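Work through the exercises below with the sequence and the coordinates at hand. Each task is followed by a solution in steps.

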Amino acid sequence: MSEDHPDVPQDPPPPPQQEEPPPEPRRGSMALGILLGAVALYALYFGTTGGIAPDQGYKTFLAGPAVFIPIAVYLAVAGVLAVRPRTSRLGAGLLIGLGVFTLLGGGICVAALSQMRA
């Protein structure tokens, strides 16, 4: 049959594994993305929707949909930045900034509505 030799390995050693290159370090600051995101959304929102108030006579032809255009542009930019590995932290911060914008805007709206007297 077969001879047993204790000092001779029966299976050849596995081939050396090739080391994978380290992943690219993530760049960008999530806190900076949150801060810039919330501020940029307020600037976009109030800057592009200035002429659509009912008391101003709906001066633009995009009176209703104009409210959603800045948010759609913001989401597109934030999504692209979040998908790219180099800017994923900044993009994630921008997406979190959208949540901050929504929460702050809702709070401001509720506060304004509670101050109104009929």
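**Exercise 1. State how many helices and strands the protein chain has, and in what order the elements run.**

Step 1. Three helices and zero strands make up the count for the protein chain; helices (H or I, at least four residues) and strands (E, at least two) are DSSP runs, numbered from the N terminus.
Step 2. Read from the N terminus, the order of the elements is α-α-α.

**Exercise 2. Determine how confident the prediction is, and in which helix confidence is lowest.**

Step 1. This is a predicted model, in which local features need pLDDT of at least 70 and side-chain atom pairs count only at pLDDT 80 or more, while totals for chains, interfaces and linings use all residues. Residues are numbered from 1 along each chain as its sequence is written, and side-chain values use heavy atoms, with hydrogens and water left out.
Step 2. The mean pLDDT (the predictor's confidence in each residue, from 0 to 100) of the protein chain is 78, and 69% of the residues score at least 70.
Step 3. By element, helix α1 (residues 30-48) has the lowest mean, 83, and helix α3 (residues 88-115) the highest, 91.
Step 4. Where pLDDT is low, the predicted coordinates should not be read in detail.

**Exercise 3. Decide whether L81, V73 and V77 are buried or partly exposed, and find the patch that includes V77.**

Step 1. The classes are buried, under 20% relative accessible area, exposed, over 50%, and partly exposed in between (1.4 Å probe, protein chains only). Of the 118 residues of the protein chain, 18% are buried.
Step 2. L81 lies in helix α2 and is buried because its relative accessible area is 19%.
Step 3. V73 is also part of helix α2; its relative accessibility is 44%, so V73 counts as partly exposed.
Step 4. V77 belongs to helix α2 (residues 69-83) and is partly exposed, because its relative accessibility is 45%.
Step 5. I69, V73 and V77 make a nonpolar surface patch of about 240 Å². Patch residues have over 30% relative accessible area and no salt bridge, with like charges joined within 9 Å and nonpolar side chains (Val, Leu, Ile, Met, Phe, Trp, Tyr) within 5 Å. A salt bridge is a side-chain nitrogen of Lys or Arg within 4 Å of a carboxyl oxygen of Asp or Glu.

**Exercise 4. Name the residues that line the largest pocket, and say which helix gives the most to the lining.**

Step 1. The lining consists of Y42, Y45, F46, F101, T102, G105, I108, C109 and A112.
Step 2. At least two lining residues come from each of α1 and α3, and α3 gives the most, with six.

Terms used. Areas by Shrake-Rupley, 256 points an atom, 1.4 Å probe, with all protein chains shown as cover. 1 Å grid on protein atoms, 1.4 Å probe; cavity = no way out; pocket = protein on both sides within 12 Å on 5 of 7 lines; lining within 4 Å.
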